[in-house]
Amino acid sequence: MSTANTVAHDANDRVRLTTSEYEGMRARDPSSVANLPPSSYLDVYYASLESKIPVLAEGVVSDILDVYAGSNSTRRRMLVNILSNDVWLLKCETILRMLEEVQKSSPDTLNSLLTSSDGSIARKMLDSPEIYDTDRPFLRLFHPLLIERLKTISSPRKLKNSAFKPPLLIYASFTAIHKLLAMSFHDHALDIFQGLVQSGYVPTEAIHSIDNSLSETVLIVSIAVIRSCLHWNWRALAAAFMTELIITRPSDKAIISLNIDTIYAFLNTQPSSRDIRACGHLIRRIHRHSPVPDSVIRLFYNCAVVAEAKEEAEDLYAFTRSSRVLDIHWYPPPQDTALPWLLDHLGTRSSHTHLARTLATEAVEHNLWIPTPFRAQFIARIAALGYATQSRTLWERHATGKDGEVVAGNAALMIRMVSLYWNIHKKSLRKANALRGREDKEADLERLQKTADEAATFAEHVRLAFAFHHTPLAKAHHWHLTSLARACFIVGKISEGYQTLRHLLNRRESPDLYDANVALSAVAQLNPRLAADMIERMTNLGLRPDGVSFGTALHYAVIQGDREVVDAMIERIRNLDDRRVSLKTLTNLIHASLALGNNGSQEEMQRTLANILRLIQSFPDLNLSSQYQLAKSLVYASLRAKDGVNAYNFWKLFLRKGAEWDDVEQQRLRHSIAALIQDPSFPLEEHRKAMLAQLGKGGSF
């Protein structure tokens, strides 16, 4: 039975094929499609476009070119049909073959295809700034046709419409110039440039603004083309030209000046995130030869805020704070609203958390102005990251004076500061107590005791300053009272905390989940088992315990060594959805699991680490990259447990990108992990070489 009899036909004997039927025919026998009618090829081709299947689109065109058994004239009509509509899924090599086939019989048709006003084929062929094998043969076809077309194209000089946009063929003309200059076909590029000048698509000011001292034609053309691209708002193309100039003429003062002008032109006209990215690229390029004006850097950050270009701002900040840049020039950090905006990104979403510390330190050392509405949030973020010195300095700097209440009276900031400094107090006190009675450690004991006392005093100072701004407490807002009670519980003032909550009861205000969790924290300090029972009662009262509820009971159960409560709380947390588990709860759970593992055998610790990794992977939306100290704790715990697999996994997950590669401690960590991987007993022998390469210990990195 013939192929034509195996598929559906319409009334005009048109073979109607689905894409799967066509692919099936080709798979069984490539020649089976040779006698299909043109309509079948075109139907399947356009179906492949609609379904976005480039392999199939390529296959159809390849069959038209190489397999189709009909006449050459019919073959060319199919090719023209495709070329006249949409070729964006096709490879440039395929399009070039199609054009060469059309040229054989109909040069006029080729002309109309290549010089249509939308310039779609030329834009597809020349879109990439890279040089490809298809560029030269395509430009041989396109160049002479374009020169003639520019003589007849409508000139913008005749139009008074300020919103006029050039036909996209003009855009394709500029891309052709870029390619020709890159391939050193200067005369051909100049031909097109002159055509654009004569037709009015190179604005007069783009030429007149060029320094008269310049005599090199190629340089003059390049500068004029860049200014023209900026005039027509073709920023990506302007950036491509600019990059090429910087690479070929890095020390030319005219190029450096034009680069700065180009960046300003991008940033002063509502730039997109793509424009911001291009500017960052140009800044990094030009810095190698001349520092960029500080005003450009400030404008870059401000525009990045508007465009929400967080990664681009991070990249530039990382670049400006690298040692190779700082050895040459110190660029200003982000300022005004860009300062808290970038810190928030670095502290919550970036894997380069060391940059958050750098920025926080700069805010302190350079006394950077923090906009009043963002001030408390900025300091709270620094405290949340554990940067005690920086957060305290900024709190003390801004907690007094005209806007002091914005900082001293902020509940979230107060809790962060009290929690941070009370933890410092407790840790220092534990270390001090461990040294008591040792005469050789008296100096260390005195230092630790002083640190503990100062931390407790400052935590109390922050708490009392907050209370002062919200007196009388009987009339304080619900949220402020529960926050103050929570601070009391943190520093161990249980009765004072309950007295604060009594104001809510006196006003007959119903407690919510946050209130219940605050009270729970006080109960858990005294009796974790009672706290676990309280969680059950919360459920019975209609409150839905969250990760904070379970995490609070878990924390104090670990401290008091109540393994039964710990296991119960861990199991409850694992069953929560990620919307009810915060980053803090997850980190508390990890710390608790580590504490339990430290009390067991090496094998138990290895199981604990594997469970922690699975737990982290269970909450992918919670970004632990900012928890640098926790990441190090996990790696060190893995090393102590002789667990090379998890030591590598935690390093790769948190420290590979988030830590400075050349840091001495990081070098030691990588060396220790590599030693475990190189041990003959390492279980993943087939992955050993790749792991070592990632660690920079052999292979390609």
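**Cores and helix pairs in a predicted model**

I start with Phe138, which touches Leu96, Leu99, Leu114, Ile121, Ala122, Met125 and Leu126, leaving out residues up to four places away in sequence. Touching, or contact, means heavy atoms within 4.5 Å.

Before going on, some ground rules. This is a predicted model, in which local features need pLDDT of at least 70 and side-chain atom pairs count only at pLDDT 80 or more, while totals for chains, interfaces and linings use all residues. Residues are numbered from 1 along each chain as its sequence is written, and side-chain values use heavy atoms, with hydrogens and water left out.

Back to Phe138. The largest nonpolar core has 156 residues, and Phe138 is among those with the most contacts inside it, together with Phe142, Phe174, Ile177 and Trp395. A nonpolar core is a set of buried Ala, Val, Leu, Ile, Met, Phe, Trp, Tyr and Cys residues joined through side-chain atoms within 4.5 Å. Buried means under 20% relative accessible area, exposed means over 50%, and partly exposed is in between, with a 1.4 Å probe and protein chains only. There is also a second, separate core of 64 residues, which includes Ala524, Tyr556, Leu622 and Tyr648.

Next, helix 8, residues 135-150. Helices are DSSP runs of H or I with at least four residues, numbered from the N terminus. Asp135 lies in helix 8. Is Asp135 buried or exposed? Asp135 counts as buried because its relative accessibility is 0%. Apart from neighbours within four places in sequence, Asp135 is in contact with Met125, Leu126, Glu130, Lys179 and Met183. His143 is also in helix 8, and it counts as buried because its relative accessibility is 12%.

Now helix 17, residues 310-320. Of its 11 residues, 8 are buried, so the helix is largely enclosed by the rest of the structure. The buried ones are Lys310, Glu312, Ala313, Glu314, Leu316, Tyr317, Phe319 and Thr320. What do they pack against? They pack against helix 15 (273-287), helix 16 (294-307), helix 18 (323-326), helix 19 (338-348) and helix 20 (354-365).

Then two helix pairs. Two packed helices are described by the angle between their axes and the distance between the axes. Axes are lines fitted to C-alpha atoms, for helices over the stretch in contact, and angles run from 0 to 180 degrees between N-to-C directions.

Helix 13 (residues 235-248) and helix 14 (residues 253-267) pack at about 160 degrees, with axes 10 Å apart. They are therefore roughly antiparallel, a label for angles over 145 degrees. Arg235, Ala238, Ala239, Met242, Leu245 and Ile246 of helix 13 make the contact with Ile255, Leu258, Asn259, Thr262 and Phe266 of helix 14.

Helix 28 (residues 513-526) and helix 30 (residues 547-559) pack at about 10 degrees, with axes 9 Å apart. That makes helix 28 roughly parallel to helix 30, a label for angles under 35 degrees. On helix 28 the contact uses Leu513, Asn517, Leu520, Ser521, Ala524 and Gln525, and on helix 30 it uses Val548, Ser549, Thr552, Ala553 and Tyr556.

Last, a loop. Gly437 lies between helix 24 (411-435) and helix 25 (442-469). Gly437 is exposed because its relative accessible area is 79%. Gly437 and Leu219 are 218 residues apart in sequence and 79 Å apart in space, C-alpha to C-alpha.

Terms used: Helix = DSSP H or I, 4+ residues; strand = E, 2+ residues; numbered from the N terminus. Parallel < 35°, antiparallel > 145°, perpendicular 65-115°, else oblique.
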